[in-house]
Amino acid sequence: MATKSFDKAKRNKADEFYTQWADIEKEIEAYLEFNPNLFRDKTILCPCDDPYESNFFKYFALNFNNFGLKKLIATCYIGSPIANTSENAKTTKTAYKIIIVKVADCNVDGVADFTDIKWLLSNNVNVLTRLEGDGDFRSEEIKDLRDEVDFVITNPPFSLFREFMAWITEAQKQFLVICNMNAITYKEIFPLIKDNRMWMGLGFGRSFKGFIVPKSYPLNGSEARIDEHGNRIVSTNNTIWLTNIDHGQRHKPLQLMTMEQNLKSSKHKEIREKQNYDKYDNYDAIEVPFTDAIPSDYDGAMGVPISFLHKYCPEQFDIIKFRKGNDDKDLSIDGRCPYFRILIKNKAMGDGVKNGQTN
């Protein structure tokens, strides 16, 4: 159950998966390590984020001064099972926005912290205001907010992910969002990955600490739990960050063995027992079922699992196409189709450093 939570949420339109602070902090720090001035004088929109509850809003509000932000905007929907539950919320049937242009030491205790942010939420009517509509990101008032910002960062509704990504890309904004790993197979998403217009972030699978869900959500699965604060937590192993914000990890080439080395000493029994790599029936490429079994010295096309994208270095490999062979049917080996494969090719041969070849 836990491994399929995103899929079930999409089917049932149960979109209330709230991200934990630790996962947000870990991801953002990686981008700031690559570019310390990433957010300086920039505006961030969190368009699916109740400011009383969302850790995205809380994280950026608390770090507003450290990051040198120009403005932080958060908006929420009407009727969320988690949103609008704070004792500070005015009504459960109100969508509202918060716009912060300064985080000051409101209570004059010598530091700008959560106490000051809570004060802003409770006492400053110019900061927190009602929306005219229901807070849907597709509404004109949220679109207007989107158009004025530099970054869109959030955990969007799973059931509306395709629409949400179209909403971001049409505005040509930088973004960082959470999604199901299978989203990279969508026809609206994969071409953008192939063209190096978006890529996977750092957080991946079980590196996520789990998501906060409403009290009505069942706690099935071995990793579901209630934390020390009483939050109901479910975990998945198919969660990723998707982004077009650069980070250093994606420029690190994979360290790989040659084909001969793999066939002799790969940690995967399926590779060691073969005389050679399998070839597809309907495309001139070899089947590589594990990312760490990609041969560094093969100069032809290779079919790799979609998890390869978490290690994809655009300076090392070209992405050719996704899933289909020359006959526009799924790639197959002796009539059997392996699960989603990405066809790639090594960009340069003979340069051990550039190819990440190990000795």
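This is a predicted model: local features need pLDDT of at least 70, side-chain atom pairs count only at pLDDT 80 or more; totals for chains, interfaces and linings use all residues.
**Strands, sheet and covering helices**

In strand S12, tryptophan 241 is the bridge partner of isoleucine 178. This pair belongs to the contact between S7 and S12, two strands that pair in the antiparallel sense over five bridges. Helices and strands are taken here as DSSP runs numbered from the N terminus, with at least four residues in state H or I for a helix and at least two in state E for a strand; two strands count as paired if DSSP finds at least two bridges between them. Residues are numbered from 1 along each chain as its sequence is written, and side-chain values use heavy atoms, leaving out hydrogens and water.

The chain holds 11 helices and 16 strands. Of its 359 residues, 51% are buried, where buried means under 20% relative accessible area with a 1.4 Å probe, counting protein chains only. Among contacts (heavy atoms within 4.5 Å) with a separation of 6 or more, 70% are between residues 24 or more positions apart.

The next feature to look for is an open sheet of eight strands, ordered S5-S4-S3-S2-S6-S7-S12-S8, with mixed pairing. Strand S5 (128-130) and strand S8 (199-204) stand at the edges with a single partner strand each, so one side of each has no neighbour in the sheet. From one strand to the next, the twist averages 25 degrees; angles are taken between N-to-C directions and run from 0 to 180 degrees, with axes fitted to C-alpha atoms, for helices over the stretch in contact.

Within this sheet, strand S7 (174-180) has six of its seven residues buried, so S7 is largely enclosed by the rest of the structure. S6 and S7 pair in the parallel sense over four bridges, and valine 152 has phenylalanine 175 in S7 as its bridge partner. From S6 the chain passes through helix H7 (residues 161-170) to S7 in a right-handed β-α-β crossover, meaning that with the strands pointing away from the viewer the path over the helix runs clockwise. Elsewhere in the sheet, four bridges join strand S3 (residues 71-75) to strand S4 (residues 96-100) in the antiparallel sense. Alanine 74 has isoleucine 98 in S4 as its bridge partner.

Two helices can then be placed on the sheet. Helix H6 (residues 140-148) packs on the sheet and touches S2, S3 and S4, with a direction at about 155 degrees to that of S3. Helix H3 (residues 55-62) lies across S2, S3, S4, S6, S7 and S12, running at about 165 degrees to S3. H3 is mostly covered, with six of its eight residues buried; among the buried residues are Phe56, Phe57, Tyr59 and Phe60. At the N-terminal end of H3, serine 54 forms a cap, with a side-chain oxygen 3.1 Å from the backbone nitrogen of phenylalanine 56.

Five of its five residues are buried, so S14 is largely enclosed by the rest of the structure. Strand S13 (residues 285-287) runs parallel to S14 and is joined to S14 by three bridges, with glutamate 287 opposite glycine 303. S14 also pairs with strand S16 (residues 341-346), in the antiparallel sense and over five bridges. Here valine 304 has isoleucine 342 in S16 as its bridge partner.

Conventions. Buried means under 20% relative accessible area, exposed over 50%, partly exposed in between (1.4 Å probe, protein chains only). A polar contact is a pair of N or O atoms within 3.5 Å; within protein, one must be able to donate a hydrogen and the other to accept it, and residues adjacent in sequence count only if both atoms are side-chain atoms.
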